[in-house]
Amino acid sequence: MSHIPQVLPTSIPIPSFVITAFSYIWYYLSAILTRIPGGPYVIPYIQKSHHDDPYRTTVEIGLILYGIYFYLSKPQQKKGLQSNRPKLSPQEIDSLIDEWQPEPLVDPSVLDEQSWRLSSIPVIENSGPSNHVNISRNDGKETFNDLFNLSSNNFLQLTSDEELVQVAKKTIKNYGVGACGPAGFYGNQDVHYALEYDLAQFFGTEGAVLYGQDFCVASSVLSAFNKRGDVIVADDQVSLALQNALQLSRATVYYFEHNNMQSLENLLAELTEMEANDKPPAIPRKFIVTEGLFQNSGDIAPLPELTNLKEKYKFRLFVDETFSIGVLGETGRGLPEHFGMIRASSIDVTVGSLATAIGSSGGFCLGDAVMAHHQRIGSNAYCFSASLPAYTTTTASRVLQILNTDKVIVSKLQQFSKMVFDFFVNDLDLQKIIKVTSFELSPVLHFRLLPEIRKAKFNYTAEELFETISRLQKRNATTKYIEPYENEERFLQSVVDAAIKKHGILISRNTIILQHETLPIVPSLKICCNAKMDEEELRKACVAVKDVLIEACQN
Amino acid sequence: MSTPANYTRVPLCEPEDIPIEVKRENEIGKLTSKKYLHKVKTLHGVPLNKPTIDTPPYYISLLTYLNYLILIILGHIHDFLGVTFQKNKHLDILEHDGLAPWYSNFESFYIRRLKMRIDDCFSRPTTGVPGRFIRCIDRISHNLNEYFTYPGTTSMCLNLSSYNYLGFAQSEGQCTDAALESIDQYGIPSGGPRTQIGTTDLQVRAEKLMAKYIGKEDSMIFSMGYSTNANFFNAFMDSKCLVISDELNHTSIRTGVRLSGAAVRTFKHGDMEGLEKLIREQIVLGQPKTNRPWKKIIICVEGLYSMEGTLCNLPKLVELKKKYKCYLYVDEAHSIGAMGPTGRGVCELFDIDPNEIDILMGTFTKSFGAAGGYIACDKWIIDRLRLDINTASYGEPSPAPVLAQIISSLETIIGKRNPGEGEERLQRIAFNSRYLRLGLQRLGFIVYGTADSPVIPMLLYCPSKMPAFSRMMLQRKIAVVIVAYPATPLIESRVRFCMSASLTKEDIDYLLRHVNEVGEKLNLKLSSGKQSPDGKCQRWDIEDVIEKTPEDCKDDKYFIL
């Protein structure tokens, strides 16, 4: 044993064959190790550590072995799944695969029952969405000429002016149509930046960001600034765009009663208390989400109270102003101007549309510089989609310039809106049938049947509808066909049809897709007015709509 | 432009005062010789082979990781010092007034400390038509890209950055005329949602034409490509349906699927065996927990992957889909118009009947020089979708000039307007793509993708080489796009050349010479020869490349398909 180096202290009673075996292993290992570069430094270290504490070596060897075992073994998760899986023979697998019968790609079952919806979509023939249009429906089987258009969202009609047409044409002659690239990759042109500056300046915010379509702005912005654990408090009648946004945001969403500030305050107080009890390591991001002018009902959010509450409870305020921009306030600057407030200090994030009152295309988001900057990297609909066509930005810029100086156009629109509103609200006959839900200055007049009438005629209530739809959604039913609701929609469509056929007036239903809606909603009709209408004609049209409504309800 | 603060704004540039011929030439170069055309051949339904991916030497990968490590460590030191000593400059990542910051320190680290350093290579403002040349607005970076100032000058750069595959980004010619005319007829605004007031006969015409072009019964057009995908899946999918998605699918598809609530399983990019295994497993296992069978399974792929330049393996996919009764969804955002003998996308390239594919989606931003997206299916499906898709009932429709551009460019492609022009454009893009691809390969660069792909990604690896390449190319008046993590795997940073029919052969020569020079300086010629059919390491001389490649590139034998 003299040629074998002694590696274990003699004080520990270990059987001699173990010592011999280990000694041999160690001898040859150290012989190899000395040849590896750096080996001469490692060996003395191991020797020393082993000498000082032999048990440590054992533990370390055990650890290394466990590490190797752990690395080679399959992940626990996989194992769990495999053990759950029934043992199937190849034949059984084949027969299972053979047996599987998928549902059709889309559900054809109620297409016939709903085909009236398809055939009632008006197709504008050969004319822009101006005040008088020719339409055809049902694949050209019905045509109607020179209808008075009461359903356009283009409330200011500024882009129909010859001047704006020239601006658009000049831009196309210089920039072509498409921008051919996303904003990050040479897609943003000088005109896009110019419109962003114009928007920021017009609305008095630090930054503005342009999007390609209004519908996806909210969902993209909200999900860029929220993650799991963040808190959103939302109005319970927000539009579908916002419902999608809430779903995509991953945040915890709480709803407060529509425009009910007491309900909101209670909720905020409760949430603040919850947070105080939980003591999270960092403050979560907290948003109050609402709409400026509600898409489905036409009323407006009480901004002063919202601002007070958000400041009191340290929330940020997110407002979708798709329908209120260009409409509310003396110069069309939207909700804050209507309440005599400053946008930058009252609303943290505004999303809006260039396709409504502004009369161009696309959407935008307004807010402080940090938020705007982060959106350019974090917001999917901005990063991963092509920029707007150049001509839409130059026309929108010009519209903002006009709004800056022109004080007449917005007030004219408001005057018409008020006129239509007064007519429908104050009419005693109509009061017995319908309920107007919109705000008096809203250019879109929303009205729905009174609950009593709905109950009598179609035998359901709004609550029942919501319950049914939630039940279907929970059950994941493919077909979400609810007959009474469908009947009411058909009834409203018959009103629309009668207005078209008898009076040459084009109004429209508020087209909602029930299967997507996650919040309570009822069918409604809407009348949109715009600033370039003839007052007398509009008045006549209101009377005509009243006539058809009353007639339809009597049948 | 009086106060200094205004200099940080992108200035509005006046269009250059140049004769119409020069302008035309700037937008689309005249074909210099009939030799520089190539007619794409179809692949006759043959499935693709497994792609060969060239890998760089190990030291390059190591350097790349080291590069990131240094950047990350420096960034963290920077953050620590900044938050400790310069609180007022870092308000955006700190809590203040009891409000959480817009984004957390950790979430935004990559953006603030890594991407910020090369911000001057992104979002370069441009003006005018993004045609053969693009007018970039000059800017000067300050304080490590914290802000830019604009001296007010512009420079004309060769455009390899826009998705202008067929060169329809033009400001004169039949498409522009059609767009201008449509404004007179239909106006600028679009009225309102499709189901209320937004449908015009122009739209109906465009949809019919598009459906006919693709070879489907019907189609639907939307005003934004991203939102076509993002708001499509929830119209017919729910949580009892399964989406089997390629791992490299575009964000818009992911957003759409997430919104629909459907379950998602991914398979490795292009891995057909993996896909088959996954489908079998999923049909047998069914939904998690309940083990009930899935209601429907839809396979989502892209026709041409814009970051890789690779094709989906369509013949194999169709075979699998039929065998297992799944549905197939193909996003042809980059391939429609740009691929196939008559531009009808991957179906035509593989010679597969479009009716074998359930849903075809695509965009108009790229080949058509317009904006928006479409979905093409059987008529009864479209009829259902017209009622169920969100954007049709709530969003804005495509405006008239965009539709006019779509119709006129489509008619040019099929030869109804200016017969011969569409064909020439298609053959030019095919030649240009092949020429540049083979040229780069012969010079020794690692290039991903298939022969006919108009997107040509060239690998750079080290993150520091991205800004270097981009800046050096800009100095040489060439606009290129660089992409890195998270759009690509961490170490595979790349530059992406987007080919266009508007470039001439001489433009590509110019490009090749400069890429060669820069590539040499930056040590980018790393290919091992795995990607060339003969397996030899290629380091051709630039003059040889320019001399021989134009003829050779038409031959499939020089490419691995």
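Which residues form one aromatic cluster with B:Phe232? I looked this up in the predicted model and found B:Phe233, B:Phe236 and B:Tyr329 in the cluster together with B:Phe232.

**Aromatic pairs**

**Charges over rings**

Next I looked for charged side chains over ring faces. I found A:Arg316 over the face of B:Trp102, at 4.0 Å from the ring centre. Here the arginine belongs to chain A and the ring to chain B. I recorded a further case within chain B, where B:Lys366 lies over the face of B:Tyr163. The distance from the ring centre there is 5.3 Å.

**A sheet in chain B**

I traced an open sheet of four strands in chain B and wrote down the order S1-S2-S5-S14. Its pairing is mixed. Which strands stand at the edges? I found S1 (126-127) and S14 (478-479) of chain B there, each with a single partner strand, so one side of each has no neighbour in the sheet.

I followed S1(B) to strand S2 of chain B, residues 133-137. The two strands pair in the antiparallel sense, over two bridges. For B:Thr126, I noted B:Cys136 as the bridge partner in S2(B).

Note on methods: Residues are numbered from 1 along each chain as its sequence is written. Chains are lettered from A and ligands numbered from 1 in the order in which they are written. This is a predicted model: local features need pLDDT of at least 70, side-chain atom pairs count only at pLDDT 80 or more; totals for chains, interfaces and linings use all residues. Side-chain values use heavy atoms; hydrogens and water are left out. Rings of Phe, Tyr and Trp (its six-membered ring) pair if their centres lie within 6.5 Å; planes under 30 degrees apart count as stacked, over 60 as edge-to-face and the rest as tilted. A charge sits over a ring if NZ of Lys or CZ of Arg is within 6 Å of the ring centre and within 35 degrees of the ring normal. Two strands pair if DSSP finds at least two bridges between them.
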